[in-house]
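Please go through this structure with the text beside the model.

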Amino acid sequence: MSAVEIYGMDGSPPCRIAFMTAEVAGISYEVIETNLMIGEHMKPEFLALNPQHSVPVLKHGDFVMNESRAIASYIATQFDKSKKLYPLEPKVLARVNQRLDFDSCVFYKSFVDVVFPKIFGKEEVKPEAMKKLKEVLGWANDMVKETGYAAGTDHLTIADIAWISTYSTIKAADVVCLSEYKELENWFAQCIVAIPNYNKANGKGAKAFGNYYKSKL
């Protein structure tokens, strides 16, 4: 079978969703370093793979796709023998997809709305953006109360993996005190021990993002 290649960089939260999913699925994969900060995503050879010039990009034989959560679903469907990462039962699958959408459109967005203005424009954090992030953290905290997992399962899914990427980066950037979100803190501690090579796949990248953000303060 063809090797799996993932184009991306450690500091990117979306890339780390793909890395962690590959680790949990137990596959060998190669990370093709694609550093956005020096424009490697704009090189012709990368644009040939992804004209949208975003990371991550997965290449598996002649199959190429972008978008981190779609990549995670492909890896889980193709390689996860347990079929737990991306469950087949329709209602469970629907809930996993809903939590993935929540991460992309609400959770991760509320975080970058706080940090990106400072990173890219040297603007101060807007109070309304911080208020929104805290509200979203409260929602996420409530979501994991029932079973201890993001999608109401009794095991790790790619919804948890996506949330871990976001939450770990929030922690590393230290933009908000997380101690009041006790259910999320317990969920995070429980989930990261289930991810092989966690520091390689996510921990060091989250720390790098956090340090970069703090350097802009």
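His53 counts as partly exposed because its relative accessibility is 35%; buried means under 20% relative accessible area, exposed over 50% and partly exposed in between, with a 1.4 Å probe and protein chains only. This is a predicted model, in which local features need pLDDT of at least 70 and side-chain atom pairs count only at pLDDT 80 or more, while totals for chains, interfaces and linings use all residues. Residues are numbered from 1 along each chain as its sequence is written, and side-chain values use heavy atoms, with hydrogens and water left out.

His53 sits in the loop between α2 and β3. Helices (H or I, at least four residues) and strands (E, at least two) are DSSP runs, numbered from the N terminus. The phi of His53 is near 45°, a positive value in a residue other than glycine. Most residues other than glycine have a negative phi, and most peptide bonds are trans. The loop between α2 (44–49) and β3 also holds Pro56, and the peptide bond from Val55 to Pro56 is cis, with omega near 5°. A positive phi is also found at Lys83, about 60°, although Lys83 is not a glycine. Lys83 belongs to the loop between α3 and α4 and is partly exposed, with a relative accessible area of 39%.

Asn50 is another residue of the loop between α2 and β3. With a relative accessibility of 3%, Asn50 counts as buried. Leaving aside residues up to four places away in sequence, Asn50 touches Val57 and Asn66, where contact means heavy atoms within 4.5 Å. Leu49 is part of helix α2 and counts as partly exposed, at 23% relative accessibility. Under the exclusion of residues up to four places away in sequence, Leu49 touches Tyr7, Val57, Lys59 and Val64. For one of these, Val64, the C-alpha atom is separated by 6.9 Å from that of Leu49, and the two residues are 15 residues apart along the chain.

Gly61 occupies the loop between β3 and β4. Its relative accessibility is 24%, so Gly61 counts as partly exposed. Gly61 and Leu88 are 27 residues apart along the chain, and their C-alpha atoms are separated by 25 Å.

Next come the helices. How do the axes of helix α1 and helix α3 cross? The axes of α1 (residues 13–25) and α3 (residues 68–79) come within 8 Å and cross at roughly 10°. That makes α1 roughly parallel to α3. Axes are lines fitted to C-alpha atoms, for helices over the stretch in contact, and angles run from 0 to 180 degrees between N-to-C directions. Angles under 35 degrees count as roughly parallel, over 145 as roughly antiparallel, 65 to 115 as roughly perpendicular and the rest as oblique. On the α1 side, the contact is made by Pro14, Ile17, Ala18, Thr21, Ala22 and Ala25, and on the α3 side by Ser68, Arg69, Ile71, Ala72, Ile75, Ala76 and Phe79. An α-helix has 3.6 residues a turn, so residues three or four places apart point the same way.

Helix α3 itself has 12 residues and reaches 16 Å from its first C-alpha to its last, close to the 16 Å expected at 1.5 Å a residue. The expected span is 1.5 Å times one less than the number of residues. α3 is mostly covered, with nine of its 12 residues buried. The buried residues are Ser68, Arg69, Ile71, Ala72, Ser73, Tyr74, Ile75, Ala76 and Phe79. Their cover includes β1 (4–8), α1, β3 (57–60), β4 (63–66), α4 (90–121) and α6 (158–173).

The domain assignment of the protein gives domain 1 (4–79) and domain 2 (90–215); domain bounds come from an automatic or database domain assignment. Taken over C-alpha atoms, the centres of domain 1 and domain 2 are separated by 20 Å. Between them, 17 residues of domain 1 are in contact with 25 residues of domain 2.

Leu137 lies in helix α5 (residues 127–143). Is Leu137 buried or exposed? Leu137 is buried, with a relative accessible area of 0%. Beyond residues up to four places away in sequence, Leu137 touches Phe107, Tyr167, Ile170, Val176, Leu178, Tyr181 and Leu184. The C-alpha atoms of Leu137 and Val176 are separated by 10.0 Å, and these two residues are 39 residues apart along the chain.
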